[in-house]
Amino acid sequence: IVRRYARELGTTVLLSSHNMSEVEATCDTVALIHRGRIVAKGALGELLKGYGARNLEELFVSLVGERS
């Protein structure tokens, strides 16, 4: 619903979630935040490829050393 809404209206939607699989399924661009600081941001596919991660959870853990 969120992706369709954004596409149909040609707008950006800001989604905040701790559910990494939800973020992967919904977002094109992400920012990973840890303790109030952005630790990574960019296009989802580029981030995963750039860090060699299979998913956002794995990427987050590799960057900050703990689960979300």
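1. At 43% relative accessibility, Arg 4 counts as partly exposed, where buried is under 20% relative accessible area, exposed is over 50%, and partly exposed is in between (1.4 Å probe, protein chains only). Its partner is Glu 8, and the two side chains form a salt bridge with an N to O distance of 3.6 Å; the term stands for a side-chain nitrogen of Lys or Arg within 4 Å of a carboxyl oxygen of Asp or Glu. Glu 8 is exposed, at 59%. Both residues sit in helix 1, four residues apart, or about one turn of the helix. Helices (H or I, at least four residues) and strands (E, at least two) are DSSP runs numbered from the N terminus.

2. A word on what you are looking at. This is a predicted model, in which local features need pLDDT of at least 70 and side-chain atom pairs count only at pLDDT 80 or more, while totals for chains, interfaces and linings use all residues. Residues are numbered from 1 along each chain as its sequence is written, and side-chain values use heavy atoms, with hydrogens and water left out.

3. How confident is the predictor? The mean pLDDT of the chain is 92, and 97% of its residues reach 70 or more; pLDDT is the predictor's confidence in each residue, from 0 to 100.

4. Arg 3 is partly exposed at 37%, whereas Asp 28 is exposed at 52%. Another bridge pairs Arg 54 with Glu 58 at 2.6 Å, N to O. Here Arg 54 is exposed, with a relative accessible area of 70%, and Glu 58 is partly exposed at 26%.

5. Which residues have the most contacts inside the largest nonpolar core? They are Val 30, Leu 32, Leu 56 and Leu 59, in a core of 14 residues. Such a core is a set of buried Ala, Val, Leu, Ile, Met, Phe, Trp, Tyr and Cys residues joined through side-chain atoms within 4.5 Å. Helix 2 (20-26), strand 1 (29-34), helix 3 (44-51) and helix 4 (56-64) each supply at least two of its residues, and helix 4 gives the most, with four. Leaving aside residues up to four places away in sequence, Leu 56 touches Met 20, Val 23, Glu 24, Val 30, Leu 32, Leu 44 and Leu 48; contact means heavy atoms within 4.5 Å.

6. Val 2, Tyr 5, Leu 9 and Val 13 make a nonpolar surface patch of about 360 Å². Tyr 5 lies in helix 1 (residues 2-9) and is partly exposed, at 48%. Patches are made of residues with over 30% relative accessible area and no salt bridge, with like charges joined within 9 Å and nonpolar side chains (Val, Leu, Ile, Met, Phe, Trp, Tyr) within 5 Å. Areas come from the Shrake-Rupley method with a 1.4 Å probe, and for residues only the protein chains shown count as cover.

7. One backbone detail to check by eye: Arg 35 has a positive phi of about 50° although it is not a glycine. Most residues other than glycine have a negative phi. Arg 35 sits in the loop between strand 1 and strand 2 (37-43) and is exposed, at 71%.
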